[in-house]
Structure formats: structure tokens, C-alpha cells
Amino acid sequence: MVPLSYYLIVSAILFSLGAAGVFLRRNLITILLSIEIMLNAVNLTFVAFGRFAGDVDGQIIPFFVMTVAAAEAAVGLALIIALFRHRESLNPDTFTNLKW
Amino acid sequence: MPETLVFYLFSGLAIVASALVIGQRNPMYSVLLLVLSFAAIAGLFLQLDAPFLALALMIVYAGAIMVLFLFVVMLLNAPQEDALTWDRAHPLRHPVVTRFGTLLAVVLSVELAYALMRGNDLAQPVGSRAGGELVSSVRELGRVLFTDYMFAFEATSILILVAMVGAVILARREREPS
């Protein structure tokens, strides 16, 4: 069987990729996608530990993570649409003013 | 060891697809690659005896949330970052020191690797302590979700309601003063 640490390593790599995406990309949609990658890496950790410990809690928490991700995607995309209407741009460097 | 092979297949697919997500210039491709990454993670969930979660991931995440992303990408009709910005901001075209974000990501990776090295019983197989019995029946999931996690479940429903109202208000077009 596959050791637990393999799953944790995969999850850590995915999380780092998502963090790198948030840090490096200059596109609001891609930044949101990177956040989704990070959330799923954490989901993988929860499920792996839940299987390791043999209880069902590790599979319950990803449900809540998914729900929060859905809410976050809805609000984030609405914000992106509102911002794009104002500035016709998706570059976060464009939105540095508090008021315009 | 077919199980190990399948694990390597799915995890490699997930990592490569996720790396391509942040390396793509066109957000449309990024979203589609992310769906591929989610499919690979769902495969990993299946291997971890969580079939219901794998299906929920595919249906809710890849089916609904990613379609929402695709919808917004098409709606905004701004699929590509312009070439000038891309050349300036592309992570591979700059040395590490000039991009603070790269430094932060590397530090995070090192930190995670260090935490993994320090673990004690991480090397044993993932199902060993569970004793071979499966806990992943949907009946058991539902019982725990609606008893032990009742409050979190109800709070989640309020969160969804707030997010829905917020999204509608935020994306609403400003009414012209007439």
C-alpha cells in the first residue's frame, strides 16, 4: 500500500504550486484558480489522514471546504465582474486606488 | 503493485495539470486544466476509499464551480494577458531575487518538506491503522454529518445564503439615475 507520507508530499506540492500561482500571476481569474488548487490540496490531506486514522471525520471536513470554496468562487467572481466593469482590466496592479 | 502505479499516475497527473494551470497565458485553458487536475484528485480520493467524496468533487467542483469560472471567462471576453505584461511578469523569465513571490513559494515548499521529514509514523501504509475495515459508506457519512456536525451544516447553509445575496448585489449593474 502507498504510505501516508506520499499523499502528504503530493498535497504539499499542490499547495506550493497554488501559493506560487497566487504570488506570481497577474490575472485575477488565475489567482482564484490557484486558491482552488490550494483548497483541494488541503482536502487531499484531510482525506488521507482520515483514511489513516480510520474515522469518517476526515471525509466530512472536505464537504465544508467545498461549500466554502463554492461561496468564495461566487463572491470572488462577482467582485471580478464588478472590477472589470470599472477598469476593463484583470490585472490586480490596476486596482491600487481605494477610491476612483 | 498496480495500486502504487495508479497512485503515481494520478498524483503525477494532478501535479502536472496544476503546474500548467499557473503556467498558462489563456485563462480558458487554465480552467480546463484545473478540471483535469480535479479529476486526478478524485482518482486519489477513490484510492483512499472515499468514493462519495470523489463523486462530489467531480459533480460539484468540476461540474458546477468550474463551469461558473468558464462562464465568467467567456463573459468578460478578456481571455489573454497582453504580451507586454506577460513578458514582464512571466515567472520563468526572471531571476529569483527579483520576484519576491518565487522566494515565498520556495520558502513554503522547504518548510512543508521539513515538516514532512519530521513526522514519526508517516512511513506506514495509509490504511494500516484503520485495520482494513472501510468507513466510507454513505450511510455513515450522512449519520455523522447530520448529528455531530449539525451546527456546522446549518452554519454552512447560512454562509451559502449570504454568499448568494452578496454575489447578486456585487455583480448588479449600477442603475442609471433617471
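Trainee: What pattern does chain B follow, read along the sequence?
Mentor: In this predicted model, chain B follows the pattern α-α-α-α-α-α-α. That corresponds to seven helices and zero strands.

Trainee: And how many helices and strands are there in chain A?
Mentor: Chain A has three helices and zero strands. From the N terminus on, its elements run α-α-α.

Trainee: Is chain A compact or spread out?
Mentor: Chain A is more spread out than a compact globule, because its radius of gyration is 17 Å, well over the 13 Å that the globule rule gives for 100 residues. Along its principal axes, the C-alpha trace of chain A spans about 55 × 25 × 15 Å.

Trainee: What percentage of the residues of chain A count as buried?
Mentor: Of the 100 residues of chain A, 54% count as buried. For chain B, the figure is 22% of 178 residues.

Trainee: What about contacts in chain A between residues 24 or more positions apart?
Mentor: In chain A, such pairs account for 43% of the contacts with a separation of 6 or more. In chain B, 49% of the contacts between residues at least 6 apart in sequence join residues at least 24 apart.

Trainee: How do H1(A) and H1(B) pack?
Mentor: Their axes are 9 Å apart, and the angle is about 5 degrees. Angles under 35 degrees count as roughly parallel, so H1(A) is roughly parallel to H1(B).

Trainee: Which residues make that contact?
Mentor: From H1(A), they include Tyr6(A), Val10(A), Leu17(A) and Gly21(A). From H1(B), they include Phe7(B), Ser11(B), Ile15(B) and Ser18(B). By class, the contact of H1(A) with H1(B) has 13 nonpolar, three polar and no charged residues.

Trainee: And at what angle do H2(A) and H3(B) pack?
Mentor: The angle between H2(A) and H3(B) is about 175 degrees, with their axes 12 Å apart. Since angles over 145 degrees count as roughly antiparallel, H2(A) is roughly antiparallel to H3(B).

Trainee: Which side chains of H2(A) and H3(B) are involved in the contact?
Mentor: I would speak of residues here: Ile29(A), Leu33(A) and Val47(A) of H2(A) meet Leu53(B), Phe69(B), Val72(B) and Val73(B) of H3(B). By class, the contact of H2(A) with H3(B) has seven nonpolar, no polar and no charged residues.

Trainee: How many residues does the largest nonpolar core have?
Mentor: It has 64 residues. Those with the most contacts inside it are Ile29(A), Ile41(B), Phe45(B) and Phe69(B). Both chains supply it: the elements that each give at least two residues include H1, H2 and H3 of chain A and, among those of chain B, H7 (150–171). The largest share, 14 residues, comes from H2(A).

Trainee: What is Phe45(B) in contact with, leaving aside its neighbours within four places in sequence?
Mentor: Phe45(B) is in contact with Val47(A), and also with Ala50(B), Leu53(B), Ala54(B) and Leu57(B) of its own chain.

Trainee: Changing topic, where is Asp49(B) found?
Mentor: Asp49(B) is found in the loop between H2 and H3 of chain B. Its phi is near 60 degrees, a positive value in a residue other than glycine.

Trainee: Is Asp49(B) buried or exposed?
Mentor: Asp49(B) counts as buried, because it has 21 C-beta neighbours inside 10 Å and the cut-off is 20 or more.

Definitions and conventions. Residues are numbered from 1 along each chain as its sequence is written. Chains are lettered from A and ligands numbered from 1 in the order in which they are written. This is a predicted model: local features need pLDDT of at least 70, side-chain atom pairs count only at pLDDT 80 or more; totals for chains, interfaces and linings use all residues. A nonpolar core is a set of buried Ala, Val, Leu, Ile, Met, Phe, Trp, Tyr and Cys residues joined through C-beta atoms within 7 Å. A residue is buried if 20 or more other C-beta atoms lie within 10 Å of its own, exposed if 12 or fewer, and partly exposed in between; C-beta atoms are placed from the backbone. Helices (H or I, at least four residues) and strands (E, at least two) are DSSP runs, numbered from the N terminus. Two residues are in contact if their C-beta atoms, placed from the backbone, lie within 7 Å. Axes are lines fitted to C-alpha atoms, for helices over the stretch in contact, and angles run from 0 to 180 degrees between N-to-C directions. Angles under 35 degrees count as roughly parallel, over 145 as roughly antiparallel, 65 to 115 as roughly perpendicular and the rest as oblique. Ala, Val, Leu, Ile, Met, Phe, Trp, Tyr, Cys and Pro count as nonpolar, Asp, Glu, Lys and Arg as charged, and the others, Gly among them, as polar. The radius of gyration is taken over C-alpha atoms; the globule rule is 2.2 Å times the number of residues to the power 0.38.
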